[in-house]
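Dear colleague,

Please find below the structure that I am handing over to you. My notes on it follow directly after.

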Amino acid sequence: MGVYLVSVAAQDWSRPGEDGYGDVAAALNTELRRRGLPAYDLSRVAREAPGWFEEKVSPSMDGFVALCRKRLTDAELSALLDWSVLVPFALEETIVLPVGTAYSGEETVVSGAPQVLALAERLAGAVALPVDAIPEGENLALSRWFLEDGAERTARARPGPWAEQRDTAFYVALYLRAAQYSVRYGCPMTYS
């Protein structure tokens with residue numbers, strides 16, 4: 001089992017109840033309209049994706065959190081880590097919705113993927129992450145690359161700070177790829 005970071009399909013985003021995110025979607029659109037912003041209609045903005053995004057959140061986050069505290073402000077750290085739903089458009093600030101999900105308790109915190117992407121790119125630069133060598137697209141490709149021999153082979157050819165702290169590098173890559181996927185395909189991301 002465990003916790004996974006996953007993309008949300010249009011049919012799940014609009015489905016109310018325990019198996020969907022319809023309550024979150026409705027609350028988000030209410031809040032967006034209240035702020036004078038357009039509603040987010042996933043069925044109209046989503047682009048065809050090859051499968052879906054799914055990565056297991058398993059290594060220790062201690063090194064990653066330490067890197068974030070060293071490189072990011074408190075507000076940036078919160079924007080990067082404290083969301084429960086990531087949406088593919090920019091938000092001036094996180095939105096707290098009075099609707100819970102299985103992993104968010106009684107509230108859902110929504111952040112914009114462009115902001116998360118910018119922060120993850122900064123962290124990737126700080127650890128010299130070889131972004132072009134890290135897989136994307138297939139489910140669990142990132143997890144397998146770090147757990148199997150992909151990261152090891154790349155570390156031999158392209159050493160750097162990322163290779164010395166693989167758990168930290170995993171989370172930098174995870175947030176980077178999740179935000180990229182969200183923006184590229186116009187879909188939300190959440191934990192499952």
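Two strands are taken to pair if DSSP finds at least two bridges between them; strands (E, at least two residues) and helices (H or I, at least four) are DSSP runs, numbered from the N terminus. This is a predicted model, in which local features need pLDDT of at least 70 and side-chain atom pairs count only at pLDDT 80 or more, while totals for chains, interfaces and linings use all residues. Residues are numbered from 1 along each chain as its sequence is written, and side-chain values use heavy atoms, with hydrogens and water left out.

Sheet

Strands of a sheet pair through backbone hydrogen bonds, either parallel or antiparallel. Here, 6 strands make up an open sheet of mixed pairing, in the order 2-1-6-3-5-4. Strand 2 and strand 4 (95–97) stand at its edges with a single partner strand each, so one side of each has no neighbour in the sheet. On average, neighbouring strands are turned by 20° against each other, direction ignored (axes are lines fitted to C-alpha atoms, for helices over the stretch in contact, and angles between N-to-C directions run from 0 to 180 degrees).

Strand 1 (residues 3–7) is antiparallel to strand 2 (residues 54–57), with 4 bridges between them; Val3 has Val57 of strand 2 as its bridge partner. Strand 1 also runs antiparallel to strand 6 (residues 189–191), joined to it by 3 bridges, and Ser7 stands opposite Met189 in strand 6.

Loops

Leu91 lies in the loop between strand 3 (85–87) and strand 4. With a relative accessible area of 7%, Leu91 is buried (buried means under 20%, exposed over 50% and partly exposed in between, with a 1.4 Å probe and protein chains only). The C-alpha atoms of Leu91 and Gly112 are 5.2 Å apart, although 21 residues separate the two in sequence.

Most residues other than glycine have a negative phi. Ala128, which is not a glycine, has a positive phi of about 55°, and the phi of Leu140 is also positive, near 65°. Ala128 is found in the loop between helix 6 (113–126) and helix 7 (141–147), and Leu140 is placed in the loop between helix 6 and helix 7 as well. Ala128 is partly exposed at 41% relative accessible area, and Leu140 is partly exposed at 26%.

Cysteines

The structure holds 0 disulfides, a disulfide being a pair of cysteine sulfur atoms within 2.5 Å. Cys68 is buried, with a relative accessible area of 0%, and Cys187 counts as buried at 7%.

Of its 13 lining residues, Leu32, Pro38, Ala39, Tyr40 and Phe89 are the closest to its centre. A pocket is an open set of points on a 1 Å grid over the protein atoms alone where a 1.4 Å probe fits, with protein on both sides within 12 Å along at least five of seven lines, and lining residues have an atom within 4 Å of a point.

Yours sincerely
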